[in-house]
Amino acid sequence: MDILTLKNVSKIYGELKALDNINLKVEKGEWLAIMGPSGSGKTTMMNIIGCMDKPSLGEVILDGTDISKVSQKDLTIIRRDKIGLVFQQFHLVNYLTALENVMMSQYYHSMPDEEEAMEALEAVGLKDRAKHLPNQLSGGEQQRVCIARALINHPALLLADEPTGNLDEKNEYVVMDIFEKLHNAGSTIIVVTHDPEVGDEAERMVTLEHGRIAGEEKKKRQRPVIKDGDDKFKGFV
């Protein structure tokens, strides 16, 4: 079952085609990496998939809804309800604790639930850091708060923009291990990255060049058996 379909999608700015007739399908539960150099169209595609922008031409079907035809207001609602966003720059509220940052996402979606927010932090290994402010957390810990915040409303799609771009090697491993466990639990993940090591973790890679799909690689990998404790992510899928 496809969770996302792009049909003949183009994004045009004046004479520039940032995306040029893109066709792409993403299955539910798939882990896809979108790769390419600066200027290849990765950010434009991410903005469209993440319901932050609409294509100039073509259709984008997300979880059964053609988001290319809805109003900007409805697009915001769909993003809130369907997409979990993880950013390179974290975008945490500095004066809120880790727990409060996760609960704020609940507030805009439905109703804050401290117990569930704490469960999300526990899933990413930060239960004991719940009362800390962002400036009291390492970069890797802040990114894990972002992942908990992205998961808290049970999104249909987890969309990550250069999720390890500001992390050292140790924290990059921790974050990618969380993505692996989320994937094993059934999450649909799209990672936008220029890092080949991050892209190589996905089960499929799509490479963009000049706004077009220049290559695609599907890996033959067997999904690991979920170990004790790894199923803690299932409640957020």
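Visitor: How far apart are the mean positions of the positive and negative charges of the chain?
Guide: This is a predicted model. The chain carries 29 positive and 38 negative charges.

Visitor: How many helices and strands does the chain have?
Guide: Both kinds of element are present in the chain. The helices number 7, and the strands number 10.

Visitor: What radius of gyration does the chain have, and what does the globule rule give?
Guide: The chain has 237 residues, and its radius of gyration is 17 Å. That is close to the value from the globule rule, so the chain is as compact as a globular protein of that length. For 237 residues the rule gives 18 Å.

Visitor: What box do the C-alpha atoms fill?
Guide: The box is taken along the principal axes. Its dimensions are roughly 50 × 40 × 35 Å.

Visitor: What percentage of the residues in the chain is buried?
Guide: Buried here means under 20% relative accessible area. Of the 237 residues in the chain, the buried part is 51%.

Visitor: Which strands are the edge strands of the open sheet?
Guide: The open sheet has 4 strands with antiparallel pairing, in the order β2-β1-β4-β5. An edge strand pairs on one side only. The edge strands are β2 (16-27) and β5 (65-66).

Visitor: Which residue stands opposite Leu 62?
Guide: Strand β4 covers residues 57-62 and pairs with β5 in the antiparallel sense, over 2 bridges. The residue in β5 that stands opposite Leu 62 is Thr 65.

Visitor: Is helix α1 largely enclosed or open, and which of its residues are buried?
Guide: Helix α1 spans residues 42-49. Of its 8 residues, 6 are buried, so α1 is largely enclosed by the rest of the structure. Those buried residues are Lys 42, Thr 44, Met 45, Met 46, Ile 48 and Ile 49.

Visitor: Which residue just after α1 takes a positive phi?
Guide: The phi in question is about 60°. The residue is Cys 51.

Visitor: Is Gln 142 buried or exposed, and which residues does it touch?
Guide: Gln 142 sits in helix α5, residues 139-151. Its relative accessible area is 16%, so Gln 142 is buried. Leaving out residues up to four places away in sequence, Gln 142 touches Phe 90, Leu 92, Pro 134 and Leu 137.

Methods: Residues are numbered from 1 along each chain as its sequence is written. This is a predicted model: local features need pLDDT of at least 70, side-chain atom pairs count only at pLDDT 80 or more; totals for chains, interfaces and linings use all residues. Side-chain values use heavy atoms; hydrogens and water are left out. Two strands pair if DSSP finds at least two bridges between them. The radius of gyration is taken over C-alpha atoms; the globule rule is 2.2 Å times the number of residues to the power 0.38. Buried means under 20% relative accessible area, exposed over 50%, partly exposed in between (1.4 Å probe, protein chains only). Lys and Arg count as positive and Asp and Glu as negative; His and the chain ends are not counted. The place of a charge is taken as NZ of Lys, CZ of Arg, CG of Asp or CD of Glu. Contact means heavy atoms within 4.5 Å.
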